[in-house]
Amino acid sequence: MDLFKSDRLSCWTILCTMLCAFFAVISLPASAADTGYVFVSHERSHTVAVLDPSDDHKVVAEIPTSRRPRDMEFNSDQTLLYVACGDDDVIEVIDVASLEIVDSIKTGISPEVFTLSKDEKSLFVSEEESAIVRHIDIESGDTLAQVTTGPEPEGVLLNKDGSRLFVASEMADMVHVVDMDSLKVVQNIMVGTRPRRFEMTENESELWVSDELSGQVSIIDPETLQVKTRVEFLPPGFRASEVTPVGLDLSPDGKTMFVTLGRANHVAMVNVESKEIEAYVLVGSRPWGVAVSRDGERLYVANGLSDDVTLISVGDQKAVQSFATGRVPHTVVIDD
Amino acid sequence: MIKGGLVGTLLAGFLVSLAFAEQAPQRQVSIGYVQLEDDPRYLADNAYTGIEFRELGRPLPGARVGLKDAETIGQVTSTEFSLKPASADSVDELIDRVRSWHRNGNIHFIIADLPAEQLLELAAATRELPVLYFNVSASDDRLRGSQCQANIAHVYPSDSMLTDALMQYLVSQKWTKLLVLKGEEQADERLVRALDESARKFGAEFVAERSFTLGKNPRNREQNNIALLTGEARYDVVFVADTSGELGRYVPYQTQRPRPVVGTAGLSPLAWHWSWHRHGAPQLQHRFEELASPRRMNSASWAAWASVKAVVQAAMRAESHDFEAMRAFILGGELNLDGSKGSPSSFRAWDQQLRQPLLLATPNAVIARLPLRDFMHAREVLDTLGTDEPESECQL
């Protein structure tokens, strides 16, 4: 290479490399970039698109990932974004400041949904093909434990003190409760048909689980581990069997739960206290992933079958705009 | 950077099984499975130089997948599920088998992979027993209509459901003028009569209905030459009713007009197709392939799997494990079955047919999932497919 023919250039290169390395070192661990960006994973274009809300939601980056990126989760200071790539059996790690993939963690076959441990040193991954939740050490990549679940596990949620892991098995119509000391399933809670995702309310008083083929959310009391009530959805003009709830997100004030209704193409806004459905907002085709901004004003919904993301004004209970983002958008998260 | 060797660390990792706070006494739920050894529908004679004209596989592996799926539920509900397959040379033998199952124990739910006649015979002969059959492979409408029996639940879709599904799609495409080509088998005639009803229901018409014969005899060329069979008519689409599969596969690309081919060839209505990829279908497909590779899941295998699932859900959710309670749960409208097709399934009260979404598939792609949005129903959109309550001739 020409570059190495000149000593001067060579020195310059070395200096550059050192400087880069120096800055790389001092920037780790980085503080939150607080970009405000919206991240959307796409199952079929194998990208995470990055939208900038301060610039008319322009796509500022399309990060190529391994195949079929689905669930995503930030670490607590939002410097790193973990992305489960189902067809390549890895969880990739995006550096939020540089928008580049900086690490990759091997999983079992077809990782779908996952969550970070409280110390953020390990991951709990539901593997839908093998009917297990795998506990993986991030640093070494070692499997620390496997918990057998019912067929097609999906949603995983760790409670605040990390003592219990909840896992939804789609095919067994059950929520498994795993005690994290003994790593044993201590309870199986029968819910509706095809349970998918979880959301915990404030103070951990209620665990909501979406029952996709029952058109409802089952609400579990985390103390007694019993289903205490259900919320059924039926937007105007739909028949019950067309309503397939999947995604859940809680408003920052803890008062409203947002529930995406899949085939029914709406998002429901539910009053957490009264369980009343306050609004149904029409979005794109088959909404699943949902995320609300920290100020509680903007709600983003991933429409898997219309290849777009809908922005909803929470205050107006109306869709404002939809953005084409990529093929089969799955999950939305916001760095704010 | 990819971290860690999974295989090595697997051994180091803990293997944690499901464990339960309480162990109630084990209950047994055995599911019977009956088939005929020489069922003509599966005869390998239908294959010419090893080329299969239609999918020959028996549905039994589907039932086995259902049983495997039930393992966790069995542990949680302290129930041991098992499958008892029986293959016989005659219906009489099957009648004896079902009677002995009854005398010796607890087999009340029986998956039946039988042609319509034999299924009716078995069901009639065992009418007095506490038994419910799941029909997983016979599509004849009369099983759900004039000759319906209270001890048969139909998981496999009826002919009219299949033709309604196809017709919804044709009408939505505005392909409403049909040229119908009909084979020599009774099943072909049945399919065409069901299609005729569907055409009336959704607003399409037969511009011509022509019978075909197999062979190359030039004296019969009007009946055996595809170009001649498809000439002299103005049509949007060709419907082929050829359950033998021998002629149908040659119809696409040989029609006189450049028109799509649907029915038993080309675009076909099905309960299941391996290329369906939503609603957890790939996972089901993979579990099937683990047991039955290199076969892929077909409609009858799906029906056998769904039958086991119905029994398992009843064992899990019905008030008790006695036959009447479980039967009432399955047929009484409480069943809410996830068939990996995106809408919950249940049995219609008027003819005990499983309502379910259907798929329109080419050999390697699902073109549409039915019912289509354009077709509405007062109560349940899935009931736009097949015989609805007011039209049903079934007296249970």
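# A tour of chains A and B

Select E199(A) first: its bridge partner in β17(A) is W208(A). This is a predicted model, so treat each stop as a computed view.

**Stop 1: the hairpin in chain A**

Now show the two strands around that pair. β16(A) covers residues 195–200 and β17(A) covers residues 207–211; they pair in the antiparallel sense over four bridges. Six residues lie between the strands of this hairpin. Pick N203(A) there: its phi is positive, near 60 degrees.

Is β16(A) enclosed or open? Five of its six residues are buried, so the strand is largely enclosed by the rest of the structure.

**Stop 2: I220(A)**

Move on to strand β18(A), residues 216–221, and select I220(A) within the strand. I220(A) has 23 C-beta neighbours inside 10 Å, so the residue counts as buried. Display its contacts beyond four places in sequence: V175(A), I189(A), L207(A), V209(A), L225(A), Q226(A), V227(A) and K228(A).

**Stop 3: V93(A)**

Go to strand β6(A), residues 90–95, where V93(A) lies. Buried or partly exposed? V93(A) has 18 C-beta neighbours inside 10 Å, and therefore counts as partly exposed. Leaving out residues up to four places away, V93(A) touches L80(A), Y82(A), I101(A), V102(A), D103(A) and S104(A).

Draw another distance, this time to N188(A). That residue is 95 positions from V93(A) along the chain, and 32 Å separate the C-alpha atoms.

**Stop 4**

Zoom out and colour chain A by secondary structure.

Of the 336 residues, 50% count as buried. Take the contacts with a separation of 6 or more: residues 24 or more positions apart account for 40% of them in chain A.

**Stop 5**

Switch to chain B. How many helices and strands are there? Chain B has twelve helices and 17 strands. Its radius of gyration is 23 Å, close to the 21 Å of the globule rule for 396 residues, so this chain too is as compact as a globular protein of its length. The C-alpha box is roughly 75 × 65 × 45 Å along the principal axes.

Here 47% of the 396 residues count as buried. Of the contacts in chain B with a separation of 6 or more, 67% join residues 24 or more positions apart.

**Stop 4: two domains**

Colour chain B by its domain assignment: domain 1 is 27–157 + 273–356, and domain 2 is 160–269. Their centres, taken over C-alpha atoms, are 30 Å apart. The contact between them takes seven residues from domain 1 and nine residues from domain 2.

**Stop 7**

Select residues 177–182 and 205–211 of chain B. These are β8(B) and β9(B), which run parallel and are joined by six bridges. From β8(B) the chain crosses through helix α7(B), residues 186–202, to β9(B), and this β-α-β crossover is right-handed. Pick K182(B) to see S211(B) opposite in β9(B).

**Stop 5: helix α12(B)**

Select residues 323–331 of chain B. The buried residues of this helix are M326(B), R327(B), F329(B), I330(B) and L331(B). Show what they pack against: β6 (132–135), β7 (152–154), α11 and β14 (344–347) of chain B. G333(B) follows α12(B), with a positive phi near 95 degrees.

**Stop 6: the nonpolar core**

Last, show the largest nonpolar core, with 192 residues. Which members touch the most others? They are V175(A), V259(A), V267(A), I110(B), A112(B), L181(B) and F239(B). Helix α11(B), residues 299–317, gives the largest share, twelve residues. Domains 1 and 2 of chain B both give residues to this core, so the core lies between them.

Finish on A112(B). Beyond four places in sequence, A112(B) is in contact with V34(B), L119(B), L122(B), Y133(B), F134(B), N135(B) and V136(B).

Conventions: Residues are numbered from 1 along each chain as its sequence is written. Chains are lettered from A and ligands numbered from 1 in the order in which they are written. This is a predicted model: local features need pLDDT of at least 70, side-chain atom pairs count only at pLDDT 80 or more; totals for chains, interfaces and linings use all residues. Two strands pair if DSSP finds at least two bridges between them. A crossover is right-handed if, with the strands pointing away from the viewer, the path from the first strand over the helix to the second runs clockwise. A residue is buried if 20 or more other C-beta atoms lie within 10 Å of its own, exposed if 12 or fewer, and partly exposed in between; C-beta atoms are placed from the backbone. Two residues are in contact if their C-beta atoms, placed from the backbone, lie within 7 Å. A nonpolar core is a set of buried Ala, Val, Leu, Ile, Met, Phe, Trp, Tyr and Cys residues joined through C-beta atoms within 7 Å. Domain bounds come from an automatic or database domain assignment. The radius of gyration is taken over C-alpha atoms; the globule rule is 2.2 Å times the number of residues to the power 0.38.
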